[in-house]
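This report goes through selected features of one structure, from its annotated domains to individual side chains. Please keep the sequence and the coordinates at hand while reading.

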Amino acid sequence: MATQTHSLSYAGCNFLRQRLVLSTLSGRPVKIRKIRARDDNPGLRDFEASFIRLLDKITNGSRIEINQTGTTLYYQPGLLYGGSLEHDCSVLRGIGYYLEGLLCLAPFMKHPLKIVLRGVTNDQVDPSVDVLKATALPLLKQFGIDGESFELKIVRRGMPPGGGGEVIFSCPVKKALKPIQLTDPGKIKRIRGMAYSVRVSPQMANRIVDSARGILNKFIPDIYIYTDHMKGVNSGKSPGFGLSLVAETTNGTFLGAELASNPQGQGAAVLPEDLGKNCARLLLEEIYRGGCVDSTNQSLALLLMTLGQQDVSKVLLGPLSPYTIEFLRHLKSFFQIMFKIETKPCGEELKGGDKVLMTCVGIGFSNLSKTLK
């Protein structure tokens, strides 16, 4: 798939997903050494091993070698195969941790992907399934990845530490991606949200909604926050509640923010009123940062721009997150692609933080494993 197949070598456990995903797409093997070598508990963690197993399931012919202590990993990618799969994610991280990797790979499979993921749907570390559904899926649609089989469905919710959630993600395959020009985010026209509560009083969700609206109503009237109280087997194994908010702009940009309660038995109890207020503030912070893609999905947008046809793509982002900056470095080493980065200081009309205009020419990546019908 790639012209250079010499393997890339890295050290440390940071950005493991980025390296494995880019390795799979570029077809270049990757070797990662010194994974938590000096830790009391050295080597790969359960959630990372689970991510590697997931990559093994969706590809055909991958070669994965891990040494005895788990501190060195060699990954030689196979072809992306897809099909109907199931995967039990580690409950140490949210399903969002695995979904972010799948969103990058799913359009380039041989067969359309339909996968059932089980684990923690909402936690405090990873993007929740709700936010990815509301922000990442519309972003993929901008690149022409769409169809009736393109959906992310939450069947059961699972909160940490017990998990027990379940989601179904299906995505059609694409031969090539469209280049995009997202340079004007537009103004915020509506805010939608989802307040969920599992294994606690359903009243919790209503209390979250009231406090979040208390802040947001000062800015915009068109706010609707759904409440979702799942019962019985659909509520997973642990109690908890949380809120995800998404602001939509006049040009079809989505900016998301979310918060979840502390896991059972960890940390102080969170009041639903405080959680609602803080989540509303986080959304306002995200709107202040602005741009056409929110900070969670910056790297996904940049990857899809890189893999687009040999044409110019432009996107206006808010301040780049450290994760995105490292991702740009990885894109350079895997695909030899450089972005033109122009800072746009906030003028009078662009209220909010300083923006960054990212421009690149796609490498013309085409899905070689897609079967011709």
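## Model and annotated domains

The structure is a predicted model. The annotation "domain: RNA 3'-terminal phosphate cyclase" covers residues 10–341. Within this span, 31% is helix and 28% is strand, and its end C-alpha atoms lie 26 Å apart.

UniProt also places "domain: RNA 3'-terminal phosphate cyclase insert" at residues 183–287. For this span the content is 29% helix and 34% strand, with 15 Å between the end C-alpha atoms.

Strand β1 comprises residues 8–11. Leu8 and Tyr10 make up its covered face, while Ser9 and Ala11 lie on the uncovered one. Strand β2, residues 30–33, runs parallel to β1 and is joined to it by 4 bridges. In one of these pairings, Ala11 has Arg33 of β2 as its bridge partner.

Helix α1 (residues 16–26) takes part with the two strands in a β-α-β unit, which is right-handed.

## A four-stranded open sheet

Another set of strands forms an open sheet of 4 strands in the order β11-β16-β18-β17. The pairing in this sheet is mixed. The edges are held by β11 (181–182) and β17 (340–344). Each of these has a single partner strand, so one side of each is left without a neighbour in the sheet.

Leu182 stands opposite Val315 of β16.

## Helix α7

How many of the residues of helix α7 (residues 298–306) are buried? The count is 9 of the 9, so the helix is largely enclosed by the rest of the structure. The residues concerned are Gln298, Ser299, Leu300, Ala301, Leu302, Leu303, Leu304, Met305 and Thr306.

The helices are α1, α3 (95–105), α4 (129–142) and α8 (322–335); the strands are β16 and β18 (355–361). Helix α1 belongs to the β-α-β unit described above, and β16 and β18 are strands of the open sheet.

Glu248 is found in strand β14, residues 240–249. Is this residue buried or exposed? Its relative accessible area is 15%, and because the cut-off for buried is under 20%, Glu248 counts as buried. Beyond residues up to four places away in sequence, Glu248 touches Lys187, Ile188, Lys189, Arg190, Thr253 and Phe254.

Two of these contacts are salt bridges. The side chains of Glu248 and Lys189 meet at 3.9 Å, N to O. This pair links distant parts of the chain: Lys189 is in strand β12 (residues 188–198), 59 residues apart from Glu248 in β14. Lys189 is partly exposed, with 34% relative accessibility.

The side chains of Arg190 and Glu248 also meet in a salt bridge, at 2.7 Å, N to O. Here too the pair links distant parts of the chain, with Arg190 in β12 and Glu248 in β14, 58 residues apart. Arg190 counts as partly exposed at 27% relative accessibility. The side chains of Glu248 and Arg190 are likewise joined by a polar contact of 2.7 Å.

## Salt bridges across the structure

Side chains of opposite charge can pair when their charged atoms come close. A search of the whole structure finds 17 salt bridges.

Arg207 is partly exposed, with a relative accessible area of 31%. Glu273 is partly exposed as well, at 26%.

Key:
Residues numbered from 1 in each chain as written. Predicted model: local features only at pLDDT ≥ 70, side-chain atom pairs only at ≥ 80, totals over all residues. Heavy atoms only, no water. Buried < 20%, exposed > 50% of the residue type's maximum accessible area, 1.4 Å probe, protein only. Polar contact = N/O pair within 3.5 Å; in protein donor to acceptor, adjacent residues only side chain to side chain. Contact = heavy atoms within 4.5 Å. UniProt positions renumbered as here; feature names shortened; annotations may be inferred. Pairing = 2+ DSSP bridges. Right-handed = clockwise from strand over helix to strand, strands pointing away. Salt bridge = Lys/Arg side-chain N within 4 Å of Asp/Glu carboxyl O.
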